[in-house]
Amino acid sequence: HVMSRNFVDFETMKSIVKLPHDSGPVQLLHMMAKCTKIQTQVRRDEKKHLNEAYKLIKFKFEGPQSKIRIQTATQKAFVMLQAAVGQHYFQDFALRQQMSNMINGATHILSAVEQYAKEGSGNGQVATQGMLFRRSLHSSLWGENDGVLNQICGVNQEMVAKLKSS
């Protein structure tokens, strides 16, 4: 039922079932980035934009940060989902459209995570993290501490920092 209600394929469902019981937003991000439902190939002209967005996201890949370059569909999904929450604006229309599609796909996957955690595994931690992440995608805020300023259209992270410091 979880798969059919949330339009999730079998491979994605297997990834959901394998989530650890203490999963947080990073594990959910990595799991969703590996799902083919939200992946799109990295085009040559997108790499610069994605690498710039990578510098601004909250969660980073492991390893030396100076050597990390976005080159795979999984890395692209990981960065773009966080860019959506962080309200990063891409100049490229195709990237903005792909981000919108990724958010829709991620919402379906997170709904499936919540439903499976409540009904299948009975794991409240994963269900809570799924709900919080879905709320983050919907509101473009990581949590309550991000504040109201980030919700105002045209106010980016730099402007919020300046307003807080003044």
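View 1. From the N terminus on, the elements simply run α-α-α-α-α-α-α-α. Helices here are DSSP runs of H or I with at least four residues, strands are E runs of at least two, and numbering starts from the N terminus. Keep in mind that this is a predicted model: local features need pLDDT of at least 70, side-chain atom pairs count only at pLDDT 80 or more, and totals for chains, interfaces and linings use all residues. Residues are numbered from 1 along each chain as its sequence is written, and side-chain values use heavy atoms, with hydrogens and water left out.

**View 2. Here is the overall size of the protein chain, as a box and a radius.** Its C-alpha atoms fill a box of roughly 50 × 35 × 30 Å along the principal axes. Buried residues account for 42% of the 166, where buried means under 20% relative accessible area (1.4 Å probe, protein chains only). Of the contacts (heavy atoms within 4.5 Å) between residues at least 6 apart in sequence, 63% join residues at least 24 apart.

**View 3. Helix α5 (residues 73-85) packs on helix α6 (residues 93-121).** The axes sit 10 Å apart at an angle of about 90°; they are lines fitted to C-alpha atoms over the stretch in contact, and angles run from 0 to 180 degrees between N-to-C directions. So the two helices, α5 and α6, are roughly perpendicular, a label that covers 65 to 115 degrees. On the α5 side, the contact uses K76, A77, M80, L81, A83 and A84, while α6 brings L95, Q98, M99, M102, I103 and A106. That splits into 10 nonpolar, 1 polar and 1 charged. Nonpolar covers Ala, Val, Leu, Ile, Met, Phe, Trp, Tyr, Cys and Pro; charged covers Asp, Glu, Lys and Arg; the others, Gly among them, are polar.

**View 4. Helix α3 (residues 25-33) crosses helix α7 (residues 124-139).** Their axes come within 10 Å and cross at roughly 75°, so α3 and α7 are also roughly perpendicular to each other. P25, L28, L29 and M32 of α3 meet Q129, G130 and F133 of α7. The tally is 5 nonpolar, 2 polar and no charged.

**View 5. N6 sits in helix α1 (residues 2-6).** At 8% relative accessibility, N6 counts as buried. Leaving out residues up to four places away in sequence, N6 touches K37, H108, S111, A112 and Q115.

Methods
Parallel < 35°, antiparallel > 145°, perpendicular 65-115°, else oblique. Buried < 20%, exposed > 50% of the residue type's maximum accessible area, 1.4 Å probe, protein only. Rg over C-alpha atoms; globule rule 2.2 N^0.38 Å.
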